[in-house]
Amino acid sequence: MIRLIDILIEAKQVGTLYHSTSGENLISILKSNTLKTNQDSNYGMSFSGQISFTRDKNYRPGEYTIEIDGNKLSNNYKIAPFSYAYDERGQAEEVVKQDIQNFKRYIKTIYANVEVVQNRPLKELERIMQLYPSLRFTVGVIVTGK
């Protein structure tokens, strides 16, 4: 007989994952409650049809970075390792090869990157925060510890 404690012990320990995006895409993600796979052919065929994540908490290439509970995500989606040939940071990435439904349940924090705050008014972020008051937002910090 399988016990609950056995299931909990065997649960995947993926840890925290990060996904960076633009403000426009963040609004779309939150409105639809779906993180969709990359369909942009500008990145080449090897990158389409997947969603990329990093484990590097300080890597913030987009305007916004979404911190995700990878343990919870892995209970419903297959997370696979992936390495970009051009990644100068030497960091392995993780990918999911399907749209992630009910995405808000996996979000821990949304970070507005420093450049967003410095280069344009906070109106976009304020709008997002008003639309989704139950989500946690952090502005312009580099994550340390945790």
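Trainee: In which helix does Ile-27 lie?

Mentor: This is a predicted model, in which local features need pLDDT of at least 70, side-chain atom pairs count only at pLDDT 80 or more, and totals for chains, interfaces and linings use all residues. Residues are numbered from 1 along each chain as its sequence is written, and side-chain values use heavy atoms, with hydrogens and water left out. Helices (H or I, at least four residues) and strands (E, at least two) are DSSP runs numbered from the N terminus. Ile-27 lies in helix H2.

Trainee: Is Ile-27 buried or exposed?

Mentor: Buried means under 20% relative accessible area and exposed over 50%, with partly exposed in between (1.4 Å probe, protein chains only). Ile-27 has a relative accessibility of 9%, so this residue counts as buried.

Trainee: Which residues does Ile-27 touch, not counting those up to four places away in sequence?

Mentor: A contact requires heavy atoms within 4.5 Å. With residues up to four places away in sequence not counted, Ile-27 touches Arg-127, Ile-128 and Tyr-132.

Trainee: Why do the buried residues of H2 line one face of the helix?

Mentor: In H2 (residues 23–32), the buried residues are Gly-23, Leu-26, Ile-27, Ile-29 and Leu-30. The arc is taken from the directions from the helix axis to the C-beta atoms. Viewed down the axis of H2, the buried residues line one face because they fall within an arc of 160 degrees.

Trainee: Which exposed residues does the face of H2 turned away from its buried side carry?

Mentor: The buried residues of H2 pack against strand E1 (16–21), strand E2 (34–35), strand E4 (64–69), E8 and helix H5 (123–131). On the face turned away from that buried side, the exposed residues are Glu-24 and Lys-31.

Trainee: How many aromatic pairs does the count come to?

Mentor: Rings of Phe, Tyr and Trp (its six-membered ring) pair if their centres lie within 6.5 Å; planes under 30 degrees apart count as stacked, over 60 as edge-to-face and the rest as tilted. By this rule, the count comes to one aromatic pair.

Trainee: Which residues form the edge-to-face aromatic pair?

Mentor: The ring centres are 6.2 Å apart, with 80 degrees between the planes. The partners are 29 residues apart, one in the loop between helix H3 (70–74) and strand E5 (80–82), the other in the loop between strand E7 (100–101) and strand E8 (107–112).
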